[in-house]
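Here are a few notes to read alongside the structure.

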Amino acid sequence: MKPMSNTDPYLVVGGGPVGLTAALEMSRRDLPVHIIDDDFAPSPESRALAIHAPTLDMLEASGVTERLLEAGHQVRNMVVHEKGRVILSIPLSDIPHRYNFILSLAQSQTEQILTDALAESGIQLNYGTRLKSLSCHSAGATATLVRDGKQQQFDARAIIGADGSRSLVRKQAGISFNGESEPQQFGLADITLSDWPWPFDTAVAELLDDGIVGFIPMGEGFGRLVSNREQALDASPHGARISKVGWTSTFRVSYRQVETYQRDCVYLAGDAAHIHSPAGGMGMNLGMADAATLARLLAEGNQDQYTKLRHAAGQAVLNQTRGNTRGMTRRGVLTNLMIRHLAPLALSIGPIRRRALKGLAGLDLPITWR
Ligand SMILES: Cc1cc2nc3c(=O)[nH]c(=O)nc-3n(C[C@H](O)[C@H](O)[C@H](O)COP(=O)(O)OP(=O)(O)OC[C@H]3O[C@@H](n4cnc5c(N)ncnc54)[C@H](O)[C@@H]3O)c2cc1C
């Protein structure tokens, strides 16, 4: 066994938004880091769109925020309507933060910006490199990596599993991923609209008899349609004329979280540690905050605090997104009363409105990365 020296890098497995944030924040804190991804190129899919105010705060130090702001589209309003009749109108510009909007940007672009910033700090994302197995020992960790069909042993101080919901790192560490999956399939489609009655700085949710269809703008004239109908386009929103359809997908919502974010030489972050409904666009933001928090704790030598700090944040998001998703998609007399009458009334009351806006912007979660 090779004795661990301080020069062994941390191995980040996964070059999605969470692994890239971990590597970038570790590098900014002068921690040696090596990052790999099984894929051969960045994913072109738009996937997570919403970037919240705390994430923009968090990425200022690395210079990433400026680039995200330049590339992204600011969503400044939210409207809930039923066949064109507005039930709720929420000005996101009332979010109590200097970033008083939700930044909409395709995940592929967010990843590209993070990858570029990482490369500028001297660290390349090693594509086409797969973690096959790992072991922890008193000197740190040894990973078996596969590249071009060849295996190599890699010694690391510790391994950060940012390898997504099917995480091999998590499985190798023997950490269970308990929770439940919803039976229902949801659909999404990236669309271009040639006719749309709403301004493109507004996220629009339309109540359907059997659920909901939402439109999140990504720029002037285009954005993401998402619905609890399996074919999102079947729920084509009221007043819309769709001129072009881009990426479409279906997904099933699960709610799962690990009981511990760390075991022996392994730390988990992002989807490897928690998955939940995309309602509110919390997932990527939550995972990036895991990564930045872990980087801080490792730099300070306080890594034993990691599970305590991040498990609570993850659990809060699981509970919040489960409640919101079920409320919107399994509507009965009570939820209809709530959405149509009680929510508009409640949101007209200052402190309740402020609290709701903080929730929408992810500002109600603890800041653990500084
Ligand atoms: C269809 C769809 C729509 C979504 N929409 C939203 C949304 O609107 N809002 C939102 O917040 N979230 C959304 N999400 C979720 C969001 O995409 C995830 O929360 C986010 O990608 C998690 O980032 P991550 O870095 O933890 O994992 P991932 O993005 O999954 O990245 C994991 C990386 O690890 C790599 N990897 C895996 N195994 C290995 C291995 N053994 N060796 C090396 N590399 C490995 C993979 O190639 C991958 O690049 C959506 C997801 C999907 C699938």
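Predicted model: local features only at pLDDT ≥ 70, side-chain atom pairs only at ≥ 80, totals over all residues.

1. The protein has nine helices and 20 strands. Its radius of gyration is 21 Å, close to the 21 Å that the globule rule gives for 370 residues, so the protein is as compact as a globular protein of that length. Along the principal axes, the C-alpha atoms fill a box of roughly 70 × 40 × 40 Å.

2. Buried residues make up 53% of the 370 residues. Among contacts with a separation of 6 or more, 71% are between residues 24 or more positions apart. The accessible surface comes to about 16200 Å², and carbon and sulfur atoms account for 50% of that.

3. The largest nonpolar core has 67 residues, and L11, M26, L68 and I160 touch the most other members. Helix α6 (residues 283-300) gives the most to this core, with nine residues. Apart from this core lies another, of 18 residues, which include V75, V80, A203 and I339.

4. L68 deserves a look of its own. Leaving aside residues up to four places away in sequence, L68 touches I51, L56, L59, L103, L105, T110 and I113.

5. On the surface, you will find a nonpolar patch formed by L337, M338 and L342, with about 270 Å² of accessible area together. L337 sits in helix α8 (residues 333-347).

How values were computed
Residues numbered from 1 in each chain as written. Heavy atoms only, no water. Patch = residues over 30% accessible without salt bridge, like charges linked within 9 Å, V, L, I, M, F, W, Y side chains within 5 Å. Areas by Shrake-Rupley, 256 points an atom, 1.4 Å probe, with all protein chains shown as cover. Salt bridge = Lys/Arg side-chain N within 4 Å of Asp/Glu carboxyl O. Helix = DSSP H or I, 4+ residues; strand = E, 2+ residues; numbered from the N terminus. Rg over C-alpha atoms; globule rule 2.2 N^0.38 Å. Buried < 20%, exposed > 50% of the residue type's maximum accessible area, 1.4 Å probe, protein only. Contact = heavy atoms within 4.5 Å. Core = buried A, V, L, I, M, F, W, Y, C linked by side-chain atoms within 4.5 Å.
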